[in-house]
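Below is a short report on one protein model. It covers a sheet, a nonpolar core and the surroundings of a ligand.

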Amino acid sequence: MHRDSSGRKEAREEGETARKLLARSRAETAYAAGEPILEVRDLVKHFPLTQGVVLKRQVGAVKAVDGVSFDLRRGETLGIVGESGCGKSTVAKLVTSLEAPTAGEIRFKGEDITRLSGKALKAVRRNIQMVFQDPYTSLNPRMTVGDIIGEPFEIHPEVAPKGDRRRKVQELLDVVGLNPEYINRYPHQFSGGQRQRIGIARGLALRPEIIVADEPVSALDVSVQAQVVNLMDRLQDEFDLSYMFIAHDLSVVRHISDRVGVMYLGRIVEIGSDSAIYEHPTHPYTQALLSAVPVPDPAAEARRERIVLEGDVPSPADPPSGCRFRTRCWKAQQRCVDLEPPLTVPPEFASTSASAPAHHPSACHFPEDRAM
Ligand SMILES: Nc1ncnc2c1ncn2[C@@H]1O[C@H](COP(=O)(O)OP(=O)(O)OP(=O)(O)O)[C@@H](O)[C@H]1O
């Protein structure tokens, strides 16, 4: 008896949360442009390392994401950049609820979504969609494009009743710049860029508010990358989308990002507006990454000072004490071994005007405003 009534209460609460999360208009949600639509706080994902076949014993953990905090504001694009293995894809999977965090909070419109289940989780999944990296492997080769783009409607029939689906899919093909008559074709009949457009159309099908794009152009030819980035830029305005755009290369996210977060070994080491990060990075790791990006002007390219990082990224199963970047940093001192630098505006720049380019969070004991 008790269980029944509490079960009904839970279902009612889940339904209410789901309705709230699905509320689309600005008036309903009071989330105007620029307000945080997503607030990530102290996010942690540790993957257990086990030994033994029958009696599995945990011998450690891969600290893929280890205390990540950031906001995604409505209508903005937040670029997340870092070398392979720094935890970018894991952050993407946590934000899209494909993985459950070990600790921390992800608040979507103020609601912590990490502990949701049932209808409420379904509503969040509808609102935060993922576009995957490799258009060659992420599309099922045995399904037609129509079935691939329309598949999300099977899980959310409320968005497109059965009789209306073909028209909706054709509309989506048109929106991403593909011929709606290609609806019955198979993925192999498209080029890489067109396949990524199909992936984007699928991501748009449920009219999400947030799209997390995990290296959406990394597998494409450079000439095609710009077309896909431009398409995403146009769709952002048209569909009032907020983007998290993940890449390993700072140059890729530059044109689309309003703000950029730089990750190293499971943490964000620096975050700020695109001009702050690209023109006035204060963290040595960002400076090293930027120094590797070629400059189109030959004279500037010749003058460019390259910072070559020594050694490899340490294992995320056993990160260094203090500052995780210290083992490769030319500025490292004892303080960097003993004390983990917090991701805040460094005291050196805190007294400058908030609009000064160096006035942005950077997790370094010895930050330096280095005009790039
Ligand atoms: N399911 C898993 N089980 C164990 N370890 C994992 C799992 N997923 C990721 N990892 C580990 O977590 C760390 C971060 O991986 P992640 O894929 O998030 O990094 P990334 O920055 O996206 O790299 P890439 O660009 O190569 O995809 C890596 O060391 C990876 O091996």
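A nonpolar core is a set of buried Ala, Val, Leu, Ile, Met, Phe, Trp, Tyr and Cys residues joined through C-beta atoms within 7 Å. In this predicted model, the largest such core has 81 residues. Val-95, Ala-201, Val-212, Met-244 and Val-262 touch the most other members of this core. Leaving aside residues up to four places away in sequence, Met-244 touches Leu-72, Leu-78, Ile-80, Ala-92, Val-95 and Val-212.

An open sheet is built from 6 strands, in the order β6-β7-β8-β3-β9-β10, with mixed pairing. Its edge strands, β6 and β10, each pair on one side only. On average, neighbouring strands of this sheet are turned by 20° against each other, direction ignored. Helix α7 packs on the sheet and touches β6 and β7. The direction of α7 makes about 170° with that of β6.

Val-262 has Glu-270 in β10 as its bridge partner.

The table gives the residue ranges of some of these elements.

| Element | Residues |
|---|---|
| Strand β6 | 128-131 |
| Strand β7 | 210-214 |
| Strand β10 | 267-273 |
| Helix α7 | 192-204 |

Which residues come nearest to the ligand? Of the 13 residues around the ligand, they are Phe-47, Ala-64, Ser-84, Ser-89 and Thr-90. The elements that give two or more residues to this shell are β2 (57-73) and α3 (88-95). The largest share, 3 residues, comes from α3. By type, the shell divides into 5 nonpolar, 7 polar and 1 charged residues.

Methods. Residues numbered from 1 in each chain as written. Predicted model: local features only at pLDDT ≥ 70, side-chain atom pairs only at ≥ 80, totals over all residues. Pairing = 2+ DSSP bridges. Helix = DSSP H or I, 4+ residues; strand = E, 2+ residues; numbered from the N terminus. Axes fitted to C-alpha atoms, helices over the stretch in contact; angles between N-to-C directions. Contact = placed C-beta atoms within 7 Å. Buried ≥ 20, exposed ≤ 12 C-beta atoms within 10 Å, placed from the backbone. Near = placed C-beta within 6 Å. Nonpolar A, V, L, I, M, F, W, Y, C, P; charged D, E, K, R; others polar.
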